[in-house]
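Hi there,

Here is the structure I promised to pass on to you. Please have a look at it first, and then read my notes below.

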Amino acid sequence: TPKMLSFFKNNPRFSIGKYTLEMENKISEGGYAYIYKVRDVNTGQYYALKKILLNDGQQQQMIQGELKIWKELGDHPNIVRMIEQGIMQDGGQKFIMILMELCSEG
């Protein structure tokens with residue numbers, strides 16, 4: 001967890017695409033990713049941010065494939081909507097950041 005959170009301590013405001021975001025709090029963590037609640041500082045809109053640590057090129061390829069399928073599925077009422085995604089570096093580590101709609105009611 002310290003490595004995953006260090007990005008936000010060093011960068012309280014960060015950008016993904018056209019969005020300027022600020023971290024609110026950690027929502028969840030899993031085997032290879034963390035989910036945070038973030039706020040767009042320009043609009044006040046809340047989103048979920050999935051931060052995935054990239055350990056190697058094979059993992060990056062797998063995640064890029066997942067993102068491609070997610071985009072192809074488009075808007076569906078039963079699938080969380082992806083807003084934006086990008087790759088960021090922090091302390092020599094590479095992360096994929098996926099900005100998604102925040103589903104606060106489960």
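This is a predicted model: local features need pLDDT of at least 70, side-chain atom pairs count only at pLDDT 80 or more; totals for chains, interfaces and linings use all residues.

Residues are numbered from 1 along each chain as its sequence is written, and side-chain values use heavy atoms, with hydrogens and water left out.

The structure holds 2 aromatic pairs (rings of Phe, Tyr and Trp, the last by its six-membered ring, with centres within 6.5 Å; planes under 30 degrees apart are stacked, over 60 edge-to-face, the rest tilted). Tyr19 and Tyr47 make an edge-to-face pair, with 5.7 Å between centres and 75° between the planes. This pair links distant parts of the chain, 28 residues apart: Tyr19 is in strand β2 (residues 19-29) and Tyr47 in strand β4 (residues 46-54). Strands here are DSSP runs (E, at least two residues), numbered from the N terminus.

Tyr34 and Tyr36 are stacked, at 6.5 Å centre to centre and 20° between the planes.

Are these tyrosines buried or exposed? Tyr19 is buried at 13% relative accessibility (buried means under 20% relative accessible area, exposed over 50%, partly exposed in between, with a 1.4 Å probe and protein chains only). Tyr47 is buried at 11%, Tyr34 is buried at 11%, and Tyr36 is buried at 0%.

Finally, the charged end of Lys37 sits over the ring of Tyr46, 4.5 Å from its centre (NZ of Lys or CZ of Arg within 6 Å of the ring centre and within 35 degrees of the ring normal). Lys51 lies over the face of Phe95, 4.1 Å from the ring centre.

Best wishes

Notes
Helices (H or I, at least four residues) and strands (E, at least two) are DSSP runs, numbered from the N terminus.
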